[in-house]
Amino acid sequence: SEHLTLTHRAIELEAWDYLIYIVNGEYPGTNDDKKHLEYIFRHAPENKVIFVLNKLDRYNSRDDSIPEAVTKMRNDLEKIGFTKPIICPISAYTAMLAKKGIFKTEMNPDEADEFDFLRRKFMKTDYDLSAYSMGLTEEDKAQRFSIPKRFMEKKNHLASDCYQLLVNSGLVSIEKILSSQYD
């Protein structure tokens, strides 16, 4: 309850650029979420709220549907009153592993195994979360990192994959929205 009070106070003061509301993609739509979302709807300008649907790396194509999860989230938000909610599907874990690969940060054995698995998974069209972004162009995806030509060569295929994985994880979409305020 103390955390909720602090959160409400911060929202009401509106001393922030964006409010990022993170939803666990495995367990979306709890009653507590609904109450808090109703509060946000009443107290925060809609254009300053970004809804992040996270943990989509846990989805599997047989049992889960990313498009259905995004549509359900949009419908739930519209029932509350949001008219044009900004929804960013993401796998923060995949993005973190991609950044470890880009910056050559050591991964523990479990992370290395998961990186290999997620690299294959997020290269599939069904898991390209950048496809859900609003206004993220192919040029944005490439310019965000100014990917050097050497990464595109076969001998540096892993480095190129790390950058593509970061884009496909959905993180670049959120960064684009947040950085657009300063353009």
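Mentor: Two ground rules. This is a predicted model, where local features need pLDDT of at least 70, side-chain atom pairs count only at pLDDT 80 or more, and totals for chains, interfaces and linings use all residues. Residues are numbered from 1 along each chain as its sequence is written, and side-chain values use heavy atoms, with hydrogens and water left out.

Trainee: In what order do the elements of the protein run from the N terminus on?

Mentor: Helices (H or I, at least four residues) and strands (E, at least two) are DSSP runs, numbered from the N terminus. The protein has 9 helices and 3 strands. Their order is α-β-α-β-α-β-α-α-α-α-α-α.

Trainee: How many salt bridges does a search of the whole structure find?

Mentor: The criterion is a side-chain nitrogen of Lys or Arg within 4 Å of a carboxyl oxygen of Asp or Glu. Glu 26, Asp 57 and Arg 58 are linked in a network of such contacts. The search of the whole structure gives 8.

Trainee: How far apart in sequence are the parts tied together by Glu 14 and Lys 48?

Mentor: The closest N and O atoms of this salt bridge are 3.4 Å apart. Glu 14 lies in the loop between helix H1 (2-13) and strand E1 (19-24), and Lys 48 in the loop between helix H2 (31-43) and strand E2 (49-54), so the parts tied together are separated in sequence by 34 residues.

Trainee: Is Glu 175 buried or exposed?

Mentor: Glu 175 forms a salt bridge with Lys 99 at 3.7 Å, N to O. The pair links helix H9 (residues 171-180) to helix H4 (residues 92-102), 76 residues apart. Buried means under 20% relative accessible area, exposed over 50%, partly exposed in between (1.4 Å probe, protein chains only). Lys 99, at 30%, is partly exposed, while Glu 175, at 18%, is buried.

Trainee: Which helices hold Asp 161 and Arg 119?

Mentor: These two form a salt bridge, with 3.8 Å between the closest N and O atoms. Asp 161 is buried at 12% relative accessibility, and Arg 119 is partly exposed at 22%. The pair ties together parts 42 residues apart in sequence, because Asp 161 lies in helix H8 (residues 157-168) and Arg 119 in helix H5 (residues 109-121).

Trainee: Which residues form a negative surface patch?

Mentor: Patch residues have over 30% relative accessible area and no salt bridge, and like charges are joined within 9 Å. Asp 113 of helix H5 is exposed at 53%. The negative patch consists of Asp 110, Asp 113, Glu 114 and Asp 116.

Trainee: How many disulfides does a search of the whole structure find?

Mentor: A disulfide is a covalent bond between the sulfur atoms of two cysteines. The cut-off here is a pair of cysteine sulfur atoms within 2.5 Å. Cys 88 is buried at 4% relative accessibility, and Cys 162 is buried at 1%. The disulfide count is 0.

Trainee: What separates the C-alpha atoms of Val 167 and Ile 90?

Mentor: Val 167 is in helix H8. Val 167 is buried, with 3% relative accessible area. Along the chain, Val 167 and Ile 90 are 77 residues apart, and their C-alpha atoms are separated by 9.9 Å.

Methods
Patches are made of residues with over 30% relative accessible area and no salt bridge: like charges are joined within 9 Å, nonpolar side chains (Val, Leu, Ile, Met, Phe, Trp, Tyr) within 5 Å. Accessible areas come from the Shrake-Rupley method with a 1.4 Å probe; for residues, only the protein chains shown count as cover. Lys and Arg count as positive and Asp and Glu as negative; His and the chain ends are not counted. The place of a charge is taken as NZ of Lys, CZ of Arg, CG of Asp or CD of Glu.
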